Amino acid sequence: MNNQTNYYFNYHNYPQQQYFQQNKGYIKDPRYYYSQQQLQQQQQQQQMANNYTQPDISGPPEISEFEIQTESILGDGSFGTVYKGRCRQKDVAVKVMLKQVDEKTLKDFRKEVAIMSKIFHPNIVLFLGACTSLPGKLMICTELMKGNLETLLLDPNIKLPLITRMKMAKDAALGVLWLHSSNPVFIHRDLKTSNLLVDSNLTLKVCDFGLSQIKQRGENLKDGQDGAKGTPLWMAPEVLQGKLFNEKADVYSFGLVLWQIYTRQELFPEFDNFYKFVAAICEKVVRPPIPDDCPRALKQLIMKCWDPSPEVRPGFSEIVSTLEGIIIDLSIPDEYGAIMWKNHFKHVDEATWKDFLNVFANFVGLTNASTPSMSDLLQFSPNLNGSTIELNFKCLKAIIVSPPKGVGGQEEEVVNMEQFGKVLAWFGNLKDDGSQILDKIRQLMECAWFHGDISTSESENRLHKKPEGTFLVRFSTSEPGAYTISKVSKNGVISHQRIHRPGGKFQVNNSKYLSVKDLISGEAQALGIATPCLGSRFLSLIYKSQISGYIN
Ligand SMILES: Nc1ncnc2c1ncn2[C@@H]1O[C@H](COP(=O)(O)OP(=O)(O)OP(=O)(O)O)[C@@H](O)[C@H]1O
């Protein structure tokens with residue numbers, strides 16, 4: 001029996017169909033009281049469903065060329081031009097491939113699209129879709145970023161503190177770690193600062209997968225006869241020489257990325273001849289000079305990354321971990337403070353106030369419990385009473401906690417690692433001073449003239465039209481650990497004078513003191529300061545506790 005016969009046979013034996021034919025319109029089966037018209041509609045819908053072919057959702061999301069409008073040029077590369085554009089009412093970046101696409105470019109384009117549509121990570125530029133069908137334009141649409149890292153680094157007018165740059169380096173390393181940890185492994189093959197993009201929050205994301213390759217873990221690759229892929233200046237020696245390579249080639253390039261992030265200098269400006277360059281890199285092991293002021297851990301990391309032997313180079317998980325340590329050391333110059341942060345909060349920039357308090361109290365010996373209770377605190381500080389210890393912690397909180405973020409009552413009070421570093425620089429080192437740091441903070445806050453973390457312009461607002469000799473003391477906004485005296489001088493002129501911190505002491509006019517309080521009483525006359533400027537937010541904290549004995 002062939003299929004046709006089979007179909008015919010089944011059709012006529014189908015009971016509902018028999019009912020329908022016999023009764024010319026109504027099916028007697030109580031489950032099917034439909035009119036002929038309704039039944040026809042159902043049949044039409046069924047037919048439509050049968051005709052509908054499921055879209056291919058396994059491939060990358062296809063965008064029609066007519067949905068994309070290109071505007072200004074963002075960058076030019078070897079594959080084409082990247083434009084700022086609009087697609088489906090969203091600002092996007094659009095990479096438009098060169099008009100003349102040969103077989104190889106087309107293959108690379110398709111590979112880039114395939115790879116991008118498989119990788120999702122906060123530090124990898126978000127792929128939105130692509131126009132992949134010829135003869136139309138070949139385009140890749142991604143989230144729009146602010147610019148590339150190379151442009152940012154080489155612009156001397158852009159302020160980028162080393163901590164910020166190291167956080168960017170960590171972002172990039174996290175992106176590449178994701179590629180290298182995928183299964184199969186993705187090798188980027190064109191890591192360089194112009195392929196690291198920055199968004200408005202200075203978060204860094206890896207882009208440009210045009211040369212990326214997929215390989216099995218442990219597998220080594222070799223470039224074909226069409227030569228090495230990548231950008232020569234950033235290429236690992238084994239790639240330049242056409243030898244076997246693996247993901248450690250990305251690590252070499254990342255060493256150069258780190259070097260440029262640190263120095264903000266152009267890479268290898270002295271070379272203009274490719275063959276001489278290859279000889280220098282591969283035979284003479286020439287690398288860019290690392291400045292003497294580079295932090296030791298960073299210098300070691302850079303040198304390990306660009307080591308001639310791929311096996312010596314670290315993997316990206318070690319790179320991320322080393323960068324985290326470097327970021328903590330830069331943020332918290334106090335040795336013990338840095339150790340405390342590394343032991344408890346290594347992977348994060350901020351901790352909740354509650355967690356921080358537990359760890360800090362434990363670390364300075366105020367408690368041996370994971371959650372400090374008042375009796376624990378008193379046991380370890382017998383000379384203080386409960387309300388003083390509690391006030392000490394309130395004062396620390398007032399100076400160290402960042403304003404709550406978030407919405408709808410979900411906000412958490414957090415302690416930022418850099419703020420912790422600053423507090424230690426202002427008030428003493430954790431090793432020698434321990435819990436006394438808390439007393440020092442409270443004692444300064446008890447002074448009416450201490451206004452703490454206010455800006456220069458805010459200090460001028462507070463002193464505006466005040467009598468001569470009115471003054472306040474605040475943290476310096478530019479010199480770590482230093483303070484500034486802002487005062488009203490003759491004719492209402494407001495001036496600012498720095499209190500420097502040589503060897504942890506407090507110095508003004510060549511006179512050194514052990515505390516800011518001592519300095520203010522010792523130098524009042526010489527400095528022409530007499531009346532504290534009111535308005536310190538800390539005073540109300542102290543005052544409230546003194547009248548109620550308890551602070552909320
Ligand atoms: N999503 C984006 N948002 C903002 N700018 C971008 C974006 N993508 C790329 N650019 C800009 O375009 C430049 C070139 O991009 P990309 O590296 O992807 O192109 P390419 O043709 O592969 O370049 P190359 O051959 O130099 O690697 C980047 O350095 C960057 O300045």
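The model is predicted, so a local feature is reported only where pLDDT is at least 70 and a side-chain atom pair only at pLDDT 80 or more, while totals for chains, interfaces and linings use all residues. Residue numbers start from 1 along each chain, following the sequence as written.

To start with the ligand, there are 23 residues around it, and Gly-75, Gly-77, Ser-78, Val-82 and Ala-93 come nearest. Here a residue is near a molecule or strand if its C-beta atom, placed from the backbone, lies within 6 Å of it. Two or more shell residues each come from strand E1 (68-76), strand E2 (80-87), strand E3 (90-97), strand E5 (139-143) and strand E6 (147-148). These labels follow DSSP runs, numbered from the N terminus, with helices (H or I) needing at least four residues and strands (E) at least two.

Most residues other than glycine have a negative phi, and most peptide bonds are trans. Against that background, the bond joining Asn-183 and Pro-184 is cis, with omega about 0°. Pro-184 sits in the loop that runs between helix H6 (162-181) and strand E7 (185-187). Asp-208 is not a glycine, yet its phi is positive, at about 65°. Asp-208 is in the loop between strand E9 (204-206) and strand E10 (213-215). With 27 other C-beta atoms within 10 Å, Asp-208 is buried. The cut-offs are simple: with C-beta atoms placed from the backbone, a residue is buried if 20 or more others lie within 10 Å of its own, exposed if 12 or fewer, and partly exposed in between. Phe-268 also has a positive phi, about 45°, although it is not a glycine. The loop between helix H8 (248-263) and helix H9 (274-282) holds Phe-268, which is partly exposed because it has 17 other C-beta atoms within 10 Å.

On to the helices. Two packed helices are described by the angle between their axes and the distance between the axes. The axes are lines fitted to C-alpha atoms, for helices over the stretch in contact, and the angles run from 0 to 180 degrees between N-to-C directions. H6 and helix H11 (residues 316-331) have axes that come within 9 Å and cross at roughly 165°. H6 and H11 are therefore roughly antiparallel. On this scale, angles under 35 degrees are roughly parallel, over 145 roughly antiparallel, 65 to 115 roughly perpendicular, and the rest oblique. H6 and H8 pack at about 165°, with axes 10 Å apart, and they are therefore roughly antiparallel to each other. The handedness is left-handed for H6 and H11 and right-handed for H6 and H8. A crossing is left-handed if the near helix is turned anticlockwise from the far one by less than a right angle, and right-handed if clockwise.

Gln-260, in helix H8, is buried because it has 20 C-beta neighbours inside 10 Å. Its C-alpha atom is 7.9 Å from that of Thr-193, 67 residues apart along the chain. Cys-305 belongs to helix H10 (residues 296-305) and, with 25 other C-beta atoms within 10 Å, is buried. Cys-305 and Asp-250 are 55 residues apart in sequence, and their C-alpha atoms are 9.1 Å apart. Ile-214 is part of strand E10 and counts as partly exposed, with 16 C-beta neighbours inside 10 Å. Between the C-alpha atoms of Ile-214 and Ser-182, 32 residues apart along the chain, there are 9.6 Å. Lys-512 lies in strand E19 (residues 511-513), and its C-alpha is 22 Å from that of Lys-431, 81 residues apart in sequence.
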